[in-house]
Every structure is written in structure tokens, then in C-alpha cells.
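Colleague: Hi! Could you walk me through the charged pairs in this one?
Modeller: Happy to, let's bring it up.

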Amino acid sequence: MLDVDPGTSLMRAAVTNGVAGIVGECGGQAMCATCHVYVRPEHLDGLPGISADEDEMLDCTAEPRDNSRSRLGCQITVGSELEEIAVDVPDNQT
């Protein structure tokens, strides 16, 4: 469990805190899919919609895309509307 400041993306929090399996190669621009995560079902309702760019990149993940749970960590930001989230990291990002 990480405690991060509001406005921090999951990818940035993971990279900053050395979470294994999150690469964040593109720095959070939704251009590489190396921050692919599987959001746990109990947190899905609190997420913003998937943008066209994120949707396209999720088709390029190293591990299979889960159409209901896969998201890019760089596109999920912790804040007032999303105070807590739990995700699983795929075995492979590249």
C-alpha cells in the first residue's frame, strides 16, 4: 500500500516508490503500455472513462488485456474522487 499526494498518477506513484513491474517508459503519455494494471473489481466504478489513446494502447500490452479491468496506470490519478484503489500488476510489461 502506498500513500500518495492527490493528483499523482498510479504510474508515477509506482515508479517513485519502486513498485516492481511498472516501467512507465513514456513518462505517462499513454504511448507505451508499460504501466498496464488490472484494477480490482471493487474499484472499477470510481474510475474515469477510458480515452481513445488509452484504449488503443491497451491493445498493445505485453500481457493479455482484460476488457473490464485493464487500464494504464498513467491515466489513473488519485484524488478527491478516487481516494483509494487496488490494482494487480501483470507479470510482464515489455
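Modeller: A quick definition to begin: a salt bridge is a side-chain nitrogen of Lys or Arg within 4 Å of a carboxyl oxygen of Asp or Glu. Also, keep in mind that this is a predicted model.

Colleague: Okay! How many salt bridges are found in the whole structure?
Modeller: The search finds five.

Colleague: Which residue does Asp55 pair with?
Modeller: Asp55 forms a salt bridge with Arg65, and their closest N and O atoms are 2.5 Å apart. This pair links distant parts of the chain: Asp55 sits in helix H2 (residues 52–58), while Arg65 is in the loop between H2 and strand E2 (70–72), ten residues apart.

Colleague: New topic: where are Asp88 and Arg69?
Modeller: Those two form a salt bridge at 3.0 Å, N to O. Asp88 is in strand E3 (residues 87–88) and Arg69 in the loop between H2 and E2, 19 residues apart.

Colleague: Why is Arg69 called buried?
Modeller: Because its relative accessible area is 19%, and buried means under 20%. Asp88, at 28%, counts as partly exposed.

Colleague: Which residues are linked in a network?
Modeller: Arg40, Arg69 and Asp88 are linked by salt bridges.

Definitions and conventions: Residues are numbered from 1 along each chain as its sequence is written. This is a predicted model: local features need pLDDT of at least 70, side-chain atom pairs count only at pLDDT 80 or more; totals for chains, interfaces and linings use all residues. Side-chain values use heavy atoms; hydrogens and water are left out. Helices (H or I, at least four residues) and strands (E, at least two) are DSSP runs, numbered from the N terminus. Buried means under 20% relative accessible area, exposed over 50%, partly exposed in between (1.4 Å probe, protein chains only).
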